[in-house]
Amino acid sequence: MPPDPDTPTDADGPPEPRPPSASATETVNIVFPGDTNPLGTIFGGRVMQFIDQVAAMAAQRHCRRIVVTVSMDALEFKAPINIGEYAVVRAVVNRAWRSSMEVEVTVDAEHPLTGERRRSAEAFLTFVALDDRHRPVAVPPLRPETDAEWARYRAAEARRTARLGLHPAAAAGRADPDTAGTAPAMPADPHRDADERDRQARIRERHRSAGVRLVDPDHTWIDPDVVIGSGTVIWPGTHLRGTTAIGRDCVVGPNTWVADSRVADRAHVWYAVLDHATIGEGCGVGPFAHLRPGAHLEAGAHVGNFGELKNATLGAGARMGHFGYLGDAQVGAGANIGAGTVTCNYDGTAKHPTVIGRGAFIGSDTLLVAPVVVGEGARTGAGSVVNRDVPAGATVVGVPARLLRPALPAEPPGGTVAPGDGDPPGAAHEDLDLGRG
């Protein structure tokens, strides 16, 4: 067991999120006679040793730090493992908070000849990561990638809430590892709402003392694992949830929901919803923008009113100023996404990617039927339906989109004229039949 932990350290900034697959660990152990009781089945204590060892490996793979066991919840033995059988132990991190992690462990008995397996035991363990001075240290947030991982992620939070409520620090003789050092733990009582208000007041005061300006503290919600840089202003109606990390000198709110997201320095997010999103330095988001899991804005990018991104990257300086949807898309630096642009990424069976090159100009109401690539510097006319790749520098218009082929002037000294420059009146159009590349 660790000593009473101090406030977790994160001097180098919050770590990058990691998927559960990065922590997944499996070991296989044959059950020898020395591992068994007089009935020829494995000792429960031996199974517990396997569980603790493999869970620690999974936690350490997630954070790449020294970890120590804080608790083991509800270990249940479902079936024995006989002498000569294999004990297959699997562990994976379900959720990471500020310095602690929940690890789920399953133990299966495998017959060495038939390969038949049966569940022997399962448990949930909590670990805390420590730095070189044996103090709790910030761990990477978890980034679920599948529906099953999301389900385990949500269930872990419910278990943590129940754990802290059923086993308060006063009874267990220890503090919550993620909030210790910031305020004394309070025992559970019937006045849970009042306790939560007091807890929020302590969290808000901690951030205000660190140089964060809360314009209306009583109408601002901040979860205990949230990190906020100095000089940042939080307007009322803002909810900062989970493992969200906000940089320095940002403006967040009013009326903004940010869950398990990262917002870099000097970003401005207002009237927006961010869910597992990454916002680069100096970006602007809102009003009324929705960034879903996997959304990533690189430095200086902008998403305006009623823009929605899902599993999409907006390159440095790229702009999506008005309503539209980008899903499963990569947008190059400096590109402009016109109002009403939609990536048609789902064909009813599978999702498909859209790639938009650097400096491209996507006209208003363009439909990009994925999979499709729009090259660097290419342009689409308003209302185009693009269902084939567009070469770099080309201009396409129409339904379906057709290549606008200008009569190009001779190459001037020092360079070429980009397609589309100097279009003569009545320039010819040609069906865009260029393949997907």
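# A guided tour of the predicted chain

The secondary structure of the chain comes to 4 helices and 37 strands, where helices (H or I, at least four residues) and strands (E, at least two) are DSSP runs numbered from the N terminus. This is a predicted model, in which local features need pLDDT of at least 70 and side-chain atom pairs count only at pLDDT 80 or more, while totals for chains, interfaces and linings use all residues. Residues are numbered from 1 along each chain as its sequence is written, and side-chain values use heavy atoms, with hydrogens and water left out.

**Begin with the confidence colouring.** Colour the chain by pLDDT, the predictor's confidence in each residue, from 0 to 100. The chain averages a pLDDT of 84, and 82% of the residues score at least 70. Now select residues 1–12, where the pLDDT is below 50 and where the model has 31 contacts beyond near neighbours in sequence; contact here means heavy atoms within 4.5 Å. Residues 179–191 also stay under 50, with 23 contacts beyond four places in sequence. Where pLDDT is low, the predicted coordinates should not be read in detail.

**Next, select the sheet of 5 strands.** This open sheet has the order β1-β3-β4-β5-β2, with antiparallel pairing, and two strands are said to pair if DSSP finds at least two bridges between them. Its edge strands are β1 and β2 (66–77), each of which pairs on one side only. Neighbouring strands of this sheet are turned by 25° against each other on average, direction ignored; such angles run from 0 to 180 degrees between N-to-C directions, with axes fitted as lines to C-alpha atoms, for helices over the stretch in contact.

Pick out β3, residues 86–96, in this sheet: 9 of its 11 residues are buried, so this strand is largely enclosed by the rest of the structure. Buried means under 20% relative accessible area, exposed means over 50%, and partly exposed lies in between (1.4 Å probe, protein chains only). Strand β1 (residues 25–30) pairs with β3 over 6 bridges, and there Val28 stands opposite Val88. Strand β4 (residues 100–110) pairs with β3 over 10 bridges, with Asp108 of β4 standing opposite Val88, and a hairpin of 3 residues joins β3 to β4. Further along the sheet, 9 bridges join β2 to strand β5 (residues 117–130), where Thr69 has Phe127 as its bridge partner. To finish this stop, show helix α1 (residues 44–63), which lies across β1, β2, β3, β4 and β5 and runs at about 135° to β2.

**Zoom in on Asn94.** This residue lies in strand β3 and, at 1% relative accessibility, counts as buried. Its side chain makes a polar contact with the side chain of Arg152 (3.1 Å); a polar contact is a pair of N or O atoms within 3.5 Å, of which, within protein, one must be able to donate a hydrogen and the other to accept it, and residues adjacent in sequence count only if both atoms are side-chain atoms. Leaving aside neighbours within four places in sequence, the contacts of Asn94 include Glu102, Phe124 and Tyr153.

**Move on to the sheet of 9 strands.** This open sheet has the order β8-β11-β14-β17-β20-β23-β26-β29-β32, with parallel pairing. At its edges stand β8 (227–228) and β32, each with a single partner strand, so one side of each is left without a neighbour in the sheet. Inside the sheet, select strand β23 (residues 313–314), which is joined to β26 by 2 bridges, and find Leu314, whose bridge partner in β26 is Val331.

Of the 50 residues in the largest nonpolar core, Leu274, Leu291, Leu297 and Leu314 touch the most other members. A nonpolar core is a set of buried Ala, Val, Leu, Ile, Met, Phe, Trp, Tyr and Cys residues joined through side-chain atoms within 4.5 Å.

**End with the backbone details.** Most residues other than glycine have a negative phi, and most peptide bonds are trans. The bond from Gly286 to Pro287 is cis, with omega near 5°, and Pro287 is found in the loop between β18 (284–285) and β19 (290–291). Finally, select Asp328, which has a positive phi of about 55° although it is not a glycine; Asp328 sits in the loop between β25 (324–327) and β26 and, at 13% relative accessibility, counts as buried.
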